[in-house]
Amino acid sequence: PFGKTDLSDFETVEMRFKASGQAFALTMETDYRWYAPYFKKDFTTDSEEWVTVKLNLNDFDQYRIGTKTSNKLTEKQLEKVIRIGITTNSKKEGPFELLLDYIKFE
């Protein structure tokens, strides 16, 4: 669901997950409109064991309708996050599994 979240005090996001079958991305949206830019950072694993990854928030790339722009996520945009999500990122149909233990902003 949508809800305003100010993440500007944080520099990283840590996730512990177990996955198989596809690549994934963590997404952050700052606008309700489907065609507005959003931000995305890829993550994946070759293991089916529990994995912990830490992603820098300033490494999130901006996308507009699926096309990467040259912009990055800024502190000002981190103040306006309204939705955080996880998507499959391999752009192929097929089975997958993703078990998420936690997401922690630091």
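Predicted model: local features only at pLDDT ≥ 70, side-chain atom pairs only at ≥ 80, totals over all residues.
Helices and strands here are DSSP runs, helices being H or I with at least four residues and strands being E with at least two, and they are numbered from the N terminus. Residues are numbered from 1 along each chain as its sequence is written, and side-chain values use heavy atoms, with hydrogens and water left out.

Let me begin with the sheets. Two strands are said to pair if DSSP finds at least two bridges between them. Five strands make up an open sheet whose order is 6-5-3-2-7, with antiparallel pairing. Strand 6 (67-72) and strand 7 (83-88) are at the edges with a single partner strand each, so one side of each has no neighbour in the sheet. From one strand to the next the twist averages 35 degrees, where axes are lines fitted to C-alpha atoms, for helices over the stretch in contact, and angles run from 0 to 180 degrees between N-to-C directions.

Within this sheet, strand 2 is joined to strand 3 by six bridges in the antiparallel sense, and A25 has D42 of strand 3 as its bridge partner. On strand 7, too, six bridges join an antiparallel run to strand 2, with T88 as the bridge partner of F24. Strand 3 also pairs with strand 5 (residues 61-64), antiparallel and over three bridges, and there Y38 stands opposite Y63.

A further open sheet contains three strands in the order 4-1-8, again with antiparallel pairing. Strand 4 and strand 8 (97-105) are the edge strands, each with a single partner, so one side of each is left without a neighbour in the sheet. Strand 1 and strand 4 pair over six bridges, and T12 stands opposite N56 in strand 4.

How many of the residues of strand 2 are buried? Six of the six are, so strand 2 is largely enclosed by the rest of the structure; buried means under 20% relative accessible area, exposed over 50%, and partly exposed in between, with a 1.4 Å probe and protein chains only. Both faces of strand 2 are covered, with F24, L26 and M28 buried on one side and A25, T27 and E29 buried on the other.

That brings me to the largest nonpolar core, which has 19 residues, and in which M28 and F60 have the most contacts. A nonpolar core is a set of buried Ala, Val, Leu, Ile, Met, Phe, Trp, Tyr and Cys residues joined through side-chain atoms within 4.5 Å. At least two residues of this core come from each of strand 1 (12-20), strand 2 (24-29), strand 3 (38-43) and strand 4 (51-56), and the largest share, four residues, is that of strand 1.

M28 lies in strand 2 and, at 0% relative accessibility, counts as buried. Leaving aside neighbours within four places in sequence, M28 is in contact (heavy atoms within 4.5 Å) with residues including L7, F39, F60, I84 and F105.

Finally, the aromatic residues. Seven aromatic pairs are found in the whole structure, where rings of Phe, Tyr and Trp (its six-membered ring) pair if their centres lie within 6.5 Å, with planes under 30 degrees apart counted as stacked, over 60 as edge-to-face and the rest as tilted. The ring centres of F17 and F43 are 4.9 Å apart with planes at 70 degrees, so this pair is edge-to-face. Both F17 and F43 are buried, and ring pairs link F17, F24, F43 and F96 into a cluster.
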